[in-house]
Amino acid sequence: MGETQQRTTLAADGIVGIDIGGTKISGLVVDAEGGLVRGSVPAPAGVGGWAMADAAAGLARDLARRAGVSLVAVGVGAAGVIDHETGTVRAASATFVDWAGFPLADELRTRLSVPVSVENDVNAFLLGEVAGTERVEQDVLGVMLGTGVGGAVMIGGALRHGPNGAAGEIGHTPGYSDLVCTCGQRGHLETLASGTSIGLRYEGRTGTDGLGAREVATLARGGDADAVAVFAAAGRAVALACASAATLLDLPRAIVGGGVAHAWDLLEPAIMQTLVTDAPVSGLPLIITPATQGVDAVALGAIEAMRRSLEPAGAYR
């Protein structure tokens, strides 16, 4: 089964997938001919939850209209800590105004009059990566290296949410440095492996500020030793975090996505070297691979979460 067919099979039957981020809300749906219809709108994160819901609902309607399909349900992957049972945002960064406590699922149901499910965006990313490939995955760690570092865990084929909705948040595990994290604590994985931290670590080594991970990656590929060292430190930290999670939960695979993962050629050497020296105690190899579904992963996973929520009730047959 090819990639296009995999994605089409996953995203069928009028379920729209929406990916809500801090700067953009994007989405996709399958049209009557089996092709993916994609779209995006700016995210009014600085206005408030109601504006975000308006924008997401408008995008869902527009995608269904452009695809020529009836809108039957909406799956959402949203930034923040999500109560996946109620679809309420439990916590979010300060860049989102009136987002924490916002009943996103209820507000979208009111606007669209269709079933709505809401997942954390990294949970949706992992679900989309697993569901959008031919591999039969049951126990997997997902890591997103973006502005920050997020994580998700799938055990026995199901997402593990935890009692507080924060299972798998590997970015805020300690012991990787003495640096202050964005959350105010010290030494978290995010201090070495996020896009923001890669720029800061390069600045700390060279005095050159204002660079992002993409620019540092370009310098590394050009032979800049400091840039190479920054990515090596990030790759080693990611591998150590994945190995720790794999040992605790007996996970055979980790999938790494996000903007920083586009520099996989720079991360992989340190990841592979670390897996040799710090392998999981099981003795079985931990496989760490880059994500394959690209920018569609969160929306595809949101659709899969919606499917799963409908199936027990017999509404999706």
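Is Phe102 buried or exposed at 10% relative accessibility? In this predicted model, Phe102 counts as buried at that value. Phe102 belongs to an aromatic cluster that also contains Phe96 and Trp99.

Two aromatic pairs were counted in the structure. In one of them, Phe96 and Trp99 are stacked, with 5.9 Å between the ring centres and 25° between the planes. Trp99 and Phe102 also form a stacked pair, for which the centre-to-centre distance is 5.8 Å and the angle between the planes is 15°. Trp99 therefore takes part in a pair with Phe96 and in a pair with Phe102, and Trp99 is buried, with a relative accessible area of 1%. Phe96, at 11% relative accessibility, counts as buried as well.

The cysteines were examined next. The count of disulfides comes to zero. For Cys181, the closest cysteine sulfur is that of Cys183, at 3.8 Å. This distance is too far for a bond, because a disulfide requires the two sulfur atoms to lie within 2.5 Å. Cys242 is likewise in no disulfide, and the nearest cysteine sulfur to Cys242, that of Cys181, is 17 Å away. Both residues are buried: Cys181 has a relative accessibility of 5%, and Cys242 has a relative accessible area of 1%.

Strand E11, which covers residues 253-257, is mostly covered, with five of its five residues buried. The burial extends to both faces of the strand. On one side lie Arg253, Ile255 and Gly257, and on the other lie Ala254 and Val256. E11 pairs with strand E8 (residues 140-145), the two running parallel and being joined by five bridges. Within the chain, Val140 stands opposite Arg253 of E11. E11 also pairs with strand E12 (residues 287-290), again in the parallel sense, over four bridges. Thr289 of E12 is the bridge partner of Ile255.

Helix H10 spans residues 297-310 and has 14 residues. The distance from its first C-alpha to its last is 20 Å, close to the 20 Å expected at 1.5 Å a residue. H10 is largely enclosed by the rest of the structure, because 12 of its 14 residues are buried. The buried residues of H10 include the run Ala297, Val298, Ala299, Leu300, Gly301 and Ala302. Further along the helix, Ile303, Glu304, Ala305, Met306, Arg307 and Leu310 are also buried.

A further helix, H8 (residues 225-249), contains Ala245. Ala245 is buried, with a relative accessible area of 13%. When neighbours within four places in sequence are left aside, Ala245 is in contact with Leu141, Ile170, Asp250 and Leu251. Between Ala245 and Val281, the separation is 36 residues in sequence and 11 Å in space, taken from C-alpha to C-alpha.

Methods: Residues numbered from 1 in each chain as written. Predicted model: local features only at pLDDT ≥ 70, side-chain atom pairs only at ≥ 80, totals over all residues. Heavy atoms only, no water. Buried < 20%, exposed > 50% of the residue type's maximum accessible area, 1.4 Å probe, protein only. Pairing = 2+ DSSP bridges. Phe/Tyr/Trp six-rings, centres within 6.5 Å; stacked < 30°, edge-to-face > 60°. Expected span 1.5 Å × (residues − 1). Contact = heavy atoms within 4.5 Å.
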